[in-house]
Amino acid sequence: MSGWIYLIRNGDLYKIGISKHINNRMRQLKPDEILAKSNISNYRELEKQLHYRYKKVRIPQTEYFRLNILDITDCKRIIILNSYFNYFFLRTFLRLLIYILTIFISLISLNFL
C-alpha cells in the first residue's frame, strides 16, 4: 500500500508529513510552498526516519521543523531518491517476473515440466 510523503514550507517552518490523499491534505494545510512530494510504498517508515534525522530542530509534539538550507536540500534529496528507488525496484521486479514467466512458458511448451 502506498501513500504520499511531503516536505512543505509555511513561513519559516517546514513540515515533513504523510497522507493517503495529497490534494486534500494540501488544501487543509495551505502551504506557502510544496518543496517535495512522492508517492511511495514505504511512506510511513520514511517519515519516521526523516523525523528522527531532524529531531534536534523539531518543534516538540509537532511535525514541524526549523530546517536550514542544508537540511532542506538533504530532505528533498531523500524524498526524491526514495521515489526513484521505488520506481526502479518496481520496474526491475516486473522485468524479472516477465523473464521468469517467459522461461516457464517456454519450458511448458517444450514439455520439460
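**Salt bridges and a nonpolar patch in a predicted model**

Biologist: Is I105 buried or exposed in this predicted model?

Modeller: I105 is found in helix α3, which spans residues 69–109. The relative accessibility of I105 is 55%. Exposed means over 50%, so I105 counts as exposed.

Biologist: Which residues make the nonpolar surface patch of about 570 Å²?

Modeller: I105, in helix α3, is one of the residues of this patch.

Biologist: With which residue does E63 form a salt bridge, and how many residues apart in sequence are the parts that the pair ties together?

Modeller: E63 forms a salt bridge with K15, and their closest N and O atoms are 2.3 Å apart. E63 lies in the loop between α2 (43–53) and β4 (64–65), whereas K15 is in strand β2 (residues 13–19). The pair therefore ties together parts whose separation in sequence is 48 residues.

Biologist: Is K15 buried or exposed?

Modeller: Buried means under 20% relative accessible area. K15 has a relative accessibility of 4%, and therefore counts as buried.

Biologist: Where do D74 and R77 lie, and how far apart are the closest N and O atoms of their salt bridge?

Modeller: Both residues lie in helix α3, three residues apart, about one turn of the helix. D74 counts as buried at 15% relative accessibility, while R77 counts as partly exposed at 42%. In the salt bridge between D74 and R77, the closest N and O atoms are separated by 2.5 Å.

Notes:
Residues numbered from 1 in each chain as written. Predicted model: local features only at pLDDT ≥ 70, side-chain atom pairs only at ≥ 80, totals over all residues. Heavy atoms only, no water. Patch = residues over 30% accessible without salt bridge, like charges linked within 9 Å, V, L, I, M, F, W, Y side chains within 5 Å. Areas by Shrake-Rupley, 256 points an atom, 1.4 Å probe, with all protein chains shown as cover. Salt bridge = Lys/Arg side-chain N within 4 Å of Asp/Glu carboxyl O. Helix = DSSP H or I, 4+ residues; strand = E, 2+ residues; numbered from the N terminus. Buried < 20%, exposed > 50% of the residue type's maximum accessible area, 1.4 Å probe, protein only.
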